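The following report walks through a structure with several chains, taking up helices, sheets, cores and an interface in turn. Please keep the sequence and the coordinates at hand while reading.

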Amino acid sequence: MKFKAINKKTVRLLAVLVPLLLLFFYVALRSGPLASVPVTVVAVEKRAITPVLSGIGTIEARYTFRIGSVAAGRLKRLSVDVGDMVKAGQVVGEIDPVDLEEHLGAQRSAIKRAEAGVLSAEAQLRDAKAKQLFTASQEKRYGLLLQAHAVSTELVDAKHQEAEAASAAASGAQAGVNAARQGLVSVKAEYQGMVKQRHNLLLVAPTDGLVTSRDAEPGNTVLAGQTVIEMIDPKTLWVAVRFDQLQSAGLKAALPAEVRLRSQSGRSFAASVLRVEPLADRVTEEILAKVVFTVQPVPLPPVGELCEVSVQLSSLQAVPVVPNACVHRVDGQLGIWVVDGSALRFAPVRIGATDQAGNIQVLAGLQPGERVVAYSKSTLHAGSRITIIRNNGKGSLL
Amino acid sequence: MSGNGIVIEGLQKRYGSGDTLVDALKGVDMQVAPAEVVGLVGPSGSGKSTLLKCLGAVIEPSAGRMRLGEEMIYDGGWKIRDLRALRRDKIGFVFQAPYLIPFLDVLDNVALLPMLAGERNGVARKRAMELLEALDVGHRAKAMPAQLSGGEQQRVAIARALVNHPPVILADEPTAPLDSQRALAVIAILNDMARQYETAIIIVTHDEKIIPTFKRIYHIRDGRTHEEAGEGKSPHELIKTDKA
Amino acid sequence: MISLAGRDILHGWVRFLMTGFGLGLLIGVTLSMAGIYRGMVDDANVLIDNSGADLWVVQQGTLGPYAEPSSLYEDTYCSIIGMAGVARAANVTYLTMQVRHGGGDVRAMVVGVVPGGPGEPGQPGFLVAGRHLTGGHYEVVADVKAGCALGDTVIIRRNRFRVVGLTRRMVSSGGDPMLFIPLKDAQEAQFLKDNDMLLQQRRRTAQNPGFNRPNVPGLLDAIIASQTTSLYVNAVLVQLKPGYAPEAVAKDIQRWQRLQVYTRSQMRTILVDKLIATSAKQIGMFLVILSIVSAAIVAFIIYTMTMAKIREIAVLKLIGTRNRVIASMILQQAIGLGAIGFVVGKIAATLWSPFFPRYVLLEPGDAIRGFIIVMVISVLASILAITAALKVDPAEAIGG
């Protein structure tokens, strides 16, 4: 008992101190620079990846029709509103003609007057022609009489002069008729012009479509050329997409694409690249492209809605592939941490294309089957001690 | 080993100076032979403690001479440089309370002194054990002091005082906390030990129970000692009569 | 000779351990405080290192993208990339803002990076899950401290971003987690106004007769469009070709592009000496006070421990124990107490450091320094006790 008294105390003290010291060394080794870095590893696989380009676009109409007046005027009526469907040729509005109707009335009167003028000129012509005929026969008769010396020469001359005058009068009357007729044509043409002008004040839909904007209201004065109604053909919606120039290699027409509308983030719509614009945006450093829906979405997305577009590029050749989280830059050199047994080696690599899921091609520097570090809990160095841990479900090291 | 025991001649101790000057010891003459047990009695303030401290080489006397065995330790000044070693090797102390070291067990409390003197642990413990056995507390050697009774503690204290076989043991009221049975037993032990180890023992006391055991008693009064003969009864006898 | 100190400790081992634990917790707080300071400095260094840049090009006369706002034209990098010695240059934006996530919001530093691929300047250095940005819009790589999981959605300004990758230790100098998003989205987030503001601005512009001219159709639209362009970035991160001195290239860019350029060491100075200087001093002050308090408490504990044994010490002295033995007993106990305290403190500091909102860096160097300081303090504290113990009169043991 007596011996145990000391021993018991010593044992108890050690029972506290030894675990404390063990904990201390554990703690000292597990934290700080001495600690080993937990990492996860993946094997390099050789496979083909399909790079995906993603860009941002807005829904746009392929053709936008702006209907406006050709002449300045006040808008008299507007029969359609935004969202209305219109048919080709439908009158959607009218510019107030102001005094055009009165001008037309006056013109109609002028036509009638001109027609009357023609009639009266024709009457005069007939009269002149009758006179000419009579005087000509008179002259002929008197000429025969003169041969018979039945009349005097003076009388014959007088009759000749009469006939000449009547002929001239007939020619004059003919000219008067012609002038009257020309006047009628001119007045009629003027009238036709006015009618056309009157028609021009009507705003007519050029095609079947959807009214997207109503930029003026009845009573507004509009300028020649100003848009009153904007309409689109909803059957020709497309997406104007911008792709970052950095990754747009391989983008070309007819590639399949997927469109995600901002309003319907859960759904995606099949589409395809219609064309890549020959002009890129030099300010935003983006390449522009047009993507068309394979099937028009119903309901139609509003024009101007933002959407995400991802374009599947054609599959690349099978080469070693790793997740892009593996690739690091150490001292200006791109490379991958390769696990050799428990040692760590930095293998410089040349990298290629990336796909949407973050897989990156390794064109040189790695062999398929090599084990490389995917995730690490802190920055790795050549001498880092590592502990390989297994990925948990979420792929997180935490 | 013990030579001439302890001899004190004209020892004086004076505290302070000027107005506060106190002459605690004015001239003490004592002589204790080896194996002799003497009593030192006197009222409070008579200078008992001061004398004991001077003897214990804890305070320095002002004048006089002290001789321990063959060795002159004080002659108007300390003649020995290492007073600690002197206390350790030449003087044993037994106090009113045992003053054992609470964190050492009984054996080590006793063995500590030879260890301090440079003895190996094993040898020191063996010596201590022998003494404890002799004092009848050997069975408590591994107990802690707090686990002992008062009498046992005092016996351990005696063992500690004896362990280095000092020529002199100074005992300061060693029986104060004890009843007469135990007090006498302690005195008996001291007497036995004095004989056995030829140790000169000075027991400071005013315990009426034990005074009859002394053959010689020094009375101290006003800083001076007066020797007188005691009754010199055997403590063992007294224990018996006391019991009866 | 037996160990008096050891025996004494053993005698009252529970009390001794308790005292050691208590002292240890105090030392743990002190170590944590040092760790917090180190963590702040380390956060700044990590911020610098993880940006992967050798040079920071910022607006002229500003203190860089972290300490002061700076804005550059987006195409500035084109002219920088052409300078001698520049290997790579990338635009970057930094904006500290509230980011909505899972019902609540998180304060975060949104970093707009060019999603050029791994190893490009500005990209997070390593991931703990997921993948890097692959170039798409509306993707985010988040620091785990933001509390996101892969696949979560965070809302930055008007846009929803999907968490595709997680990283660690990517925090701003203020300790806010970083969220890496594609540059274009970040520019939008930084320079775009909110919807109400946009509407009000449009209305204001429309009401201005100078802009809304009936005979110039389209002018208003053009003006409104020009008001919403966002062609600025906060900084251009530059990586150098091997063999070029950062200072020389920095000087060139400064001279020819008329922009402010900082090298790594200058940026470190800005972050450590300017940005976190006050908080660092604050913590430093606290650390000093804590150290003094700890030292005082160690001293008091040891002094009290010794004073409790004063009687025994007197006896020991009386029976001829040398001062050396007594002093070494006190010293050993002080050192033992200090050692237990340090061990407990180090463990405690390490165990509770992950629960701090900011990174706590417990450097082994600091631990060693801390250990030495604890030992020195213990020794100094025991000197006080030893002096008191040696002053004890052995005569006290003799009653009287």
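Predicted model: local features only at pLDDT ≥ 70, side-chain atom pairs only at ≥ 80, totals over all residues.

The buried residues of α2(A) are Val118(A), Ala121(A), Leu125(A), Ala128(A), Gln132(A), Thr135(A) and Tyr142(A). As for the partner of these positions, the buried residues of α2(A) pack against α3 of chain A, which spans 153-200.

## The sheet that contains β5 of chain A

One open sheet of chain A is formed by four strands in the order β8-β7-β5-β10, and the pairing is antiparallel. Strands β8 (202-204) and β10 of chain A stand at the edges of this sheet, and because each has a single partner strand, one side of each is left without a neighbour in the sheet.

Strand β5 of chain A, made of residues 73-78, pairs with strand β10 of chain A, residues 221-222, in the antiparallel sense over two bridges. With strand β7 of chain A, residues 91-96, β5(A) likewise pairs in the antiparallel sense, here over four bridges.

The pairing of β4(A) with strand β11 of chain A, residues 227-232, is antiparallel and runs over five bridges. Within this pairing, Ile67(A) has Ile229(A) in β11(A) as its bridge partner.

In soluble globular proteins, nonpolar side chains tend to be buried together. The largest nonpolar core of this model has 215 residues, and the members that touch the most other members are Leu190(B), Val57(C), Val110(C), Leu179(C) and Val236(C). The element that gives the most to this core is helix α2 of chain C, residues 13-50, with 13 residues.

What surrounds Leu179(C)? Leaving aside its neighbours within four places in sequence, Leu179(C) is in contact with Val99(C), Ala108(C), Val110(C), Val111(C), Val140(C), Ala142(C), Ala146(C) and Val154(C). There is also a second, separate core of 18 residues, which includes Leu53(A), Phe269(A), Ala271(A) and Val291(A).

Chain B contains seven helices and 10 strands, and buried residues make up 51% of its 244 residues. Among contacts in chain B between residues at least 6 apart in sequence, 71% join residues at least 24 apart. In chain C the secondary structure comes to 13 helices and 12 strands, with buried residues making up 50% of the 400 residues, and among contacts between residues at least 6 apart in sequence, 77% join residues at least 24 apart.

Where the two chains meet, 20 residues of chain C are in contact with 25 residues of chain B. On the side of chain C that touches chain B, α1 (4-11) and α11 (310-318) of chain C each supply at least two residues, and the largest share, five residues, comes from α11(C). By class, this side of chain C has 10 nonpolar, five polar and five charged residues.

## A buried serine in chain B

Is Ser49(B) buried or exposed? Ser49(B), which has its place in helix α1 of chain B, residues 48-55, counts as buried because it has 20 C-beta neighbours inside 10 Å. The C-alpha atoms of Ser49(B) and Val204(B) are separated by 8.5 Å, although these residues are 155 residues apart along the chain.

Key. Residues numbered from 1 in each chain as written. Chains lettered and ligands numbered in written order. Pairing = 2+ DSSP bridges. Core = buried A, V, L, I, M, F, W, Y, C linked by C-beta atoms within 7 Å. Buried ≥ 20, exposed ≤ 12 C-beta atoms within 10 Å, placed from the backbone. Contact = placed C-beta atoms within 7 Å. Nonpolar A, V, L, I, M, F, W, Y, C, P; charged D, E, K, R; others polar.
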